[in-house]
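Here is a brief report on the structure shown below.

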Amino acid sequence: MRPFSYTSATSTAEAIGLAASEQVRFLAGGTNLVDLMRAGIEEPEHVVDITRLPLDGVEELPDGGLRIGALARNTRVAGDARVRRRYPMLAQAIMNGASPQLRNRATVGGNILQRTRCGYFYDRAAACNKRVPGAGCDALEGFNRMHAVLGASDSCIAVHPSDMCVALAALDATVNIAGRDAAVPLTDFHRLPGDSPHVETVLAPGELITSIDLPAARPGRSVYLKVRDRATYAFALVSTAVQVHVENGRVAGARIALGGVAHKPWRAHEAEELLRGEAVDDDLLRRAAERSVAGARPRAHNAFKPELATRLVRRALEETTS
Ligand SMILES: Cc1cc2nc3c(=O)[nH]c(=O)nc-3n(C[C@H](O)[C@H](O)[C@H](O)COP(=O)(O)OP(=O)(O)OC[C@H]3O[C@@H](n4cnc5c(N)ncnc54)[C@H](O)[C@@H]3O)c2cc1C
């Protein structure tokens with residue numbers, strides 16, 4: 001590991017002041033950053049520990065929503081009675097991720113900013129445009145079973161690995177960033193790879209996430225479903241967060257997000273549109289599930305993903321509309 005200097009910040013202003021350089025990283029739970037530093041993939045010159053900042057609360061918002069501090073631990077968020085009652089799919093998504101020990105340590109901000117689990121990104125002998133811009137992408141012709149089928153590019157087919165972010169995308173959560181007047185919708189926070197996959201979010205170097213806001217809970221039922229190779233402690237092959245409100249047998253509102261399929265949590269707007277106002281029946285749910293992966297472009301080893309995603313979304317729609 002490359003030597004680095006370390007400061008434990010005592011205020012948000014101090015943390016931001018210390019971090020105004022590309023060579024600085026904030027340390028939250030450390031469950032992703034420290035692994036990346038040990039592997040020589042992240043090599044900051046300076047690490048600013050932010051765990052002493054007062055950003056770990058869960059507060060009511062005047063509009064009936066909730067504000068969750070960037071340093072709130074995943075276990076705490078998933079266990080919060082208000083989250084469980086008003087946003088059950090968020091609690092389910094968090095509990096589907098990692099292990100109890102990791103969730104006790106990992107924070108909301110760190111979860112949003114965790115980096116891909118693409119094996120070629122972690123292998124310093126492999127070509128990876130995300131790790132070394134312009135180096136090429138060995139995943140394109142390599143073992144790409146876990147990789148993206150939506151929104152990918154010829155520069156990068158890595159996926160964003162977070163479970164929590166899939167639920168946040170479906171819930172229309174927004175991300176608050178220190179020093180910015182307007183919050184960023186979670187769905188606009190992560191970028192598609194294009195030809196600059198190393199730029200993963202709209203966050204500039206040194207910017208600090210302070211919290212996320214959840215809008216007031218919407219009527220209807222929701223569920224988070226995840227398919228993975230092991231029953232626990234594994235990243236998603238495909239996951240989905242679905243919320244549907246049915247009134248008088250018709251869909252009054254629908255929100256569908258997918259994980260494990262793209263460089264960012266993937267919101268399936270076209271499928272939501274297809275459902276809106278329609279009478280619920282098997283054919284409608286089948287067509288909406290198929291539409292949720294419209295435009296999918298599988299690679300050599302992940303041709304199963306569009307079909308798996310279709311089936312998973314359909315199951316989630318059946319559960320939330322029955
Ligand atoms: C074995 C293993 C299995 C896992 N399985 C899953 C899984 O199934 N599903 C899943 O979703 N996740 C999984 N994870 C990932 C885990 O959820 C993340 O490692 C964790 O959420 C990161 O949070 P952290 O607080 O530890 O972040 P850190 O490691 O501290 O930080 C991660 C990044 O975020 C930046 N950062 C942190 N907070 C802020 C902030 N407030 N503002 C700006 N930048 C910030 C850091 O500088 C760093 O770049 C797994 C991890 C491991 C090690």
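Five strands build an open sheet with antiparallel pairing, in the order 4-5-8-6-7. Strand 4 (58-60) and strand 7 (184-185) are the edge strands, and each of them pairs on one side only. The model is a predicted one.

Strand 5 (residues 66-69) runs antiparallel to strand 8 (residues 209-214), and four bridges link the pair. Gly69 has Ser211 of strand 8 as its bridge partner.

## Domains

The protein chain is split into domain 1 (5-51) and domain 2 (221-321). Their C-alpha centres are 36 Å apart.

## Around the ligand

The shell around the ligand holds 29 residues. Gly29, Gly97, Gly109, Gly110 and Leu113 come nearest. By class, 14 residues of the shell are nonpolar, 11 are polar and four are charged.

Which helix gives the most to the shell around the ligand? Helix 7 does, with four residues. Strand 2 (24-27), helix 2 (33-38), helix 6 (100-105) and helix 7 (108-113) each supply at least two residues.

## The nonpolar core

In soluble globular proteins, nonpolar side chains tend to be buried together. Here the largest nonpolar core counts 89 residues. Leu90, Ala167, Leu168, Ala170 and Val261 have the most contacts inside this core. Helix 9 (residues 164-170) gives the most to the core, with seven residues. Domain 1 (5-51) and domain 2 (221-321) each contribute at least three residues to the core.

Val261 shows what such contacts look like. Leaving out residues up to four places away in sequence, Val261 touches Ala148, Val149, Leu150, Val159, Val238, Trp266, Lys305 and Ala309.

## Two positive phi angles

Ala98 is not a glycine, yet its phi is positive, at about 55°. Ala98 sits in the loop between helix 5 (88-95) and helix 6. Is Ala98 buried or exposed? Ala98 counts as buried because it has 23 C-beta neighbours inside 10 Å, and the cut-off for buried is 20 or more.

Tyr233 also has a positive phi, of about 60°, although it is not a glycine. Tyr233 lies in the loop between strand 9 (221-227) and strand 10 (238-247). Tyr233 has 11 C-beta neighbours inside 10 Å, so it counts as exposed; the cut-off for exposed is 12 or fewer.

Key. Residues are numbered from 1 along each chain as its sequence is written. This is a predicted model: local features need pLDDT of at least 70, side-chain atom pairs count only at pLDDT 80 or more; totals for chains, interfaces and linings use all residues. A residue is near a molecule or strand if its C-beta atom, placed from the backbone, lies within 6 Å of it. Ala, Val, Leu, Ile, Met, Phe, Trp, Tyr, Cys and Pro count as nonpolar, Asp, Glu, Lys and Arg as charged, and the others, Gly among them, as polar. A nonpolar core is a set of buried Ala, Val, Leu, Ile, Met, Phe, Trp, Tyr and Cys residues joined through C-beta atoms within 7 Å. Domain bounds come from an automatic or database domain assignment. Two residues are in contact if their C-beta atoms, placed from the backbone, lie within 7 Å. Two strands pair if DSSP finds at least two bridges between them.
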